[in-house]
Amino acid sequence: MSEKKKSACPAFGKCGGCSLINKDYKDGVNEKSKALIKLLAPFVKVESFIAMDDPYNYRNKVLSTFGEDGKHNIISGIYEEKSRRIVPMDHCLLENRKADEIIVTIRGLLRSFKIRPYNERNGYGLLKHVLIRVGAATGQIMVVLVLTSPILPSKNNFVKALVKVHPDISTIVINVNERNTSMVLGKRDIPVYGKGFIEDELCGMRFRISPQSFYQVNPVQADILYNKAMEFAGLTGKESVLDAYCGTGTIGLIASRNAKNVIGVELNPEAVKDAVNNARANGVKNASFYCDDATSFIGKMAEEGVKCDVVLMDPPRSGSTEEFLKAVVRMGPEKVVYVSCNPETLARDLKFITKRGYKVSRAVGVEMFPWTNHVESCVLLERVSNRKADSYVKLNVKMEDYYRIKDAEKKTDE
Ligand code: SAH
């Protein structure tokens, strides 16, 4: 391993964040590319992996956990891999530099404001974590103080002192997390400075980011990923599009510029609120967003015979569900663009849907998490069979026509 890299991060070997840091960047990329090619080999020839030009300090979302060391010094850093011990850390090769600086400043302010870090063992103390989110294109910065209580002593003076050192902070939010769980954020957000959210720009659109909502952590590469998804979707302006697992609506809103209409569905209510606001802020009138489980929502769509030409889907690491994919098959969109952050669940889902009238036509890996072993990819599926029976019924096709279609389908299947 290069000595330079080793000394660049005192947490190396403890944190487990960047498992590929001991390799040349190119070799790490090759490793990920090969893993993707292997998993997708049964379906498609994967295109060249899109690496990142400057793969450092890309994370626009930075979390630091606060605690005390054996001598009661306040420390901040990350949990040791597979344990709850805090590895003190001031700078990380992956994280936004400004965010790291703000965390160090906060740590320095705590004693004079008599703010104690939370102690997991005895349950005393106030400050659990600091979460910083940065709008890479706008420069806006959000500081989230995760506290065990909504009351921060000398709140106004603390805010004043922090903003004095970092005048570029746009907003500060208290998040209340009273419970002793591994979840970082509690449900309640109280803005104490600024608007309580920040904005960023992607693919020429503006997006609102709240403390709780999902937003890609590497915006430079997210731009590339979303453009790839749009290229795969090949929208012409006439399509009805479903954006499933839509988060704050990013992919769907970008698609809305070249689609007839877009429906987005997302489980997290805060993200849905952001999506609705994002549509408004960008003057988008042909997109609507729903808060629901994607599987149950698409099931209802398929049942009601809602027409859909393109499904864009970007599920979490656990992938999608068989029920979701069955509903896609019933709706029969021409194209499905699947954005995945876990190639294993992607391959599992592809195996399921390619047995049901879809083929994989394109696939590409996009580097979203340099130096880590996470692999993001985007896949285009196209419909090869004509199985749209259920939607024919609901679209008021006469029953005799429906049976004719069914018979024709049977013949093509045989
Ligand atoms: N497409 C968005 C978000 C992708 S991350 C973007 O690129 O920004 C995956 C999203 O799926 C998260 O926002 C998560 O809240 C949401 N999610 C997880 N399980 C879900 C489910 N069962 N139904 C709908 N959305 C879900």
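Reply: Let us begin with a hairpin, which strands E2 and E3 form with 5 residues between them, and in whose turn histidine 72 has a positive phi of about 65 degrees. Strands here are DSSP runs of E with at least two residues, numbered from the N terminus. This is a predicted model, in which local features need pLDDT of at least 70 and side-chain atom pairs count only at pLDDT 80 or more, while totals for chains, interfaces and linings use all residues. Residues are numbered from 1 along each chain as its sequence is written, and side-chain values use heavy atoms, with hydrogens and water left out.

Two strands are said to pair if DSSP finds at least two bridges between them.

The wider setting comes next. An automatic or database domain assignment gives the domain bounds, and the protein chain is divided into domain 1 (61-202) and domain 2 (218-413), whose centres, taken over C-alpha atoms, are separated by 36 Å. In contact (heavy atoms within 4.5 Å) are 4 residues of domain 1 and 9 residues of domain 2. The buried area, meaning the accessible area (1.4 Å probe) that two parts lose on being put together, summed over both, is about 490 Å² between domain 1 and domain 2, and carbon and sulfur atoms give 78% of that area. Leu94, Ala136 and Leu202 supply 85% of what domain 1 buries against domain 2, more than any other three residues.

Salt bridges, defined as a side-chain nitrogen of Lys or Arg within 4 Å of a carboxyl oxygen of Asp or Glu, number 0 across the interface of domain 1 and domain 2, although the count by this rule comes to 18 salt bridges. One of the salt bridges joins the side chains of glutamate 47 and arginine 362 (2.8 Å, N to O), and this pair links strand E1 (residues 47-50) with strand E16 (residues 358-366), the two residues being 315 residues apart.

Note on methods
Helix = DSSP H or I, 4+ residues; strand = E, 2+ residues; numbered from the N terminus.
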